[in-house]
Amino acid sequence: MTSIPTVTLNDGTSFPQLGLGTYELRGAAGVDAVVGAIALGYRLIDTAVNYENETEIGEAVRRSGVDRDELTIATKLPGRDHGFDETLASARGSLDRLGLDRIDLYLIHWPNPSVDKSLDSWRAMIRLREEGLVRSIGVSNFTEQMLSRLIDETGVTPAVNQVELHPYFPQSALRAFHTAHGIRTESWSPLAKRSELLAEQTVTDVAAAHGVTESQAVLRWHVQLGSTPIPKSAHTGRQRENADVFGFALTDDEVAAISALERGRLWDGDPNTHEEM
Ligand SMILES: NC(=O)c1ccc[n+]([C@@H]2O[C@H](COP(=O)([O-])OP(=O)(O)OC[C@H]3O[C@@H](n4cnc5c(N)ncnc54)[C@H](OP(=O)(O)O)[C@@H]3O)[C@@H](O)[C@H]2O)c1
């Protein structure tokens, strides 16, 4: 079993340096995949209302046999539930589907600026944390400007911002802002959804230099940037491979060479314009 190291979030809680994405892990096969990942050593499991698999994640937590306090179960508020009261109700819905008495990390999934209710949701999340229904609160797909607004209006800094981040889109300016404000970066689609990234010569060369796979080289790059990647895999072999990135280190030049693959967002997900309900 792999032991995945942790960092401490700005609210004092412990947070894994790598987790499991669960988009499209559904049904009995989805439960099995998550149970298997926990058995391999994964402790951070990333779900969302909109992945329609909170029930499966809760089932996997119970079946895993791992102490509840060792796991970080993260879920996300969907755009259609933005607003103060709506957020309180949505969180209770997630808790019901998960069958848990606490969400460990609760994120606003998308800021949806044209709706402009994410600040109301943030105030509700602060309340949920005070009530103990949520342990840590954060956001996803927030820009520097959007983060600043939450901080300025409430005095509460998100613990995490989960954003698109991979070698084609390293997000250096946003990461610097996170570091300055004590916000942990989390990388979604860390393998760029297995696009041509894993066949890039730079990635292949770095992987060969360390005797690891291309996915491991990329995931190690995330770790060394100080971001928590959440690769999704339905398969035990790949889950094991993806978690096994703490026994080697890239040189600064290798990190820079992978970052130089930058070309921008891959899926048109600019949070100023892209909205999800
Ligand atoms: N906050 C947001 O807005 C947002 C948006 C997108 C995603 N997310 C989260 O981020 C997670 C990860 O992102 P993602 O699922 O889009 O993409 P990803 O993790 O970058 O890539 C997943 C794809 O790569 C394959 N794969 C995994 N490990 C591999 C390996 N070692 N070698 C070769 N192929 C491998 C998987 O296939 P197999 O399953 O067949 O192994 C799957 O097709 C999601 O599951 C979700 O939890 C959040």
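Predicted model: local features only at pLDDT ≥ 70, side-chain atom pairs only at ≥ 80, totals over all residues.
**Close-ups of helix pairs and pockets**

**View 1. Helices H1 and H9 cross at roughly 35°, and their axes come within 10 Å.** H1 covers residues 27-40, while H9 covers residues 236-243. Look at how the two cross, and you'll find a right-handed crossing. Which residues of H1 and H9 make the contact? On the H1 side they are Ala 33, Gly 36, Ala 37 and Leu 40, and on the H9 side they are Thr 236, Gln 239 and Arg 240. Sort the residues of this contact by class and you get 3 nonpolar, 3 polar and 1 charged.

**View 2. Here helix H2 (residues 54-64) meets helix H3 (residues 84-98).** The axes of H2 and H3 come within 7 Å, and the crossing angle is roughly 50°. H2 and H3 are therefore oblique to each other. From H2, look for Glu 54, Thr 55, Ile 57, Gly 58 and Arg 62; they meet Ser 94, Arg 97 and Leu 98 of H3. The class count for the contact of H2 with H3 is 2 nonpolar, 3 polar and 3 charged residues.

**View 3. Helix H4 (residues 118-130) packs with helix H5 (residues 144-154) at an angle of about 55°.** The axes of H4 and H5 lie 10 Å apart. With that angle, H4 is oblique to H5. As for handedness, H4 and H5 make a right-handed crossing. Who meets whom in H4 and H5? H4 brings Ser 118, Leu 119, Trp 122, Arg 123 and Ile 126, and H5 answers with Arg 149, Leu 150, Glu 153 and Thr 154. Grouped by class, the contact of H4 with H5 has 4 nonpolar, 2 polar and 3 charged residues.

**View 4. The second largest pocket takes in residues from H4 and H5.** Its volume is about 170 Å³. The lining of this pocket is made of Pro 111, Asn 112, Pro 113, Asp 116, Ser 118, Leu 119, Phe 142, Gln 145, Met 146, Arg 149, Leu 150 and Asn 272. Which helix gives the most to the lining of the second largest pocket? That's H5, with 4 residues. By class, the lining of the second largest pocket splits into 6 nonpolar, 4 polar and 2 charged residues.

**View 5. The largest pocket holds about 900 Å³ of space.** How many residues line the largest pocket? There are 33, and the closest to the pocket's centre are Tyr 23, Ser 189, Pro 190, Lys 193 and Lys 232. The lining of the largest pocket counts 11 nonpolar, 14 polar and 8 charged residues.

Key:
Residues numbered from 1 in each chain as written. Heavy atoms only, no water. Axes fitted to C-alpha atoms, helices over the stretch in contact; angles between N-to-C directions. Parallel < 35°, antiparallel > 145°, perpendicular 65-115°, else oblique. Left-handed = near helix turned anticlockwise from the far one by under 90°. Contact = heavy atoms within 4.5 Å. Nonpolar A, V, L, I, M, F, W, Y, C, P; charged D, E, K, R; others polar. 1 Å grid on protein atoms, 1.4 Å probe; cavity = no way out; pocket = protein on both sides within 12 Å on 5 of 7 lines; lining within 4 Å. Points joined across faces, edges and corners; volume = space filled by probe spheres on them.
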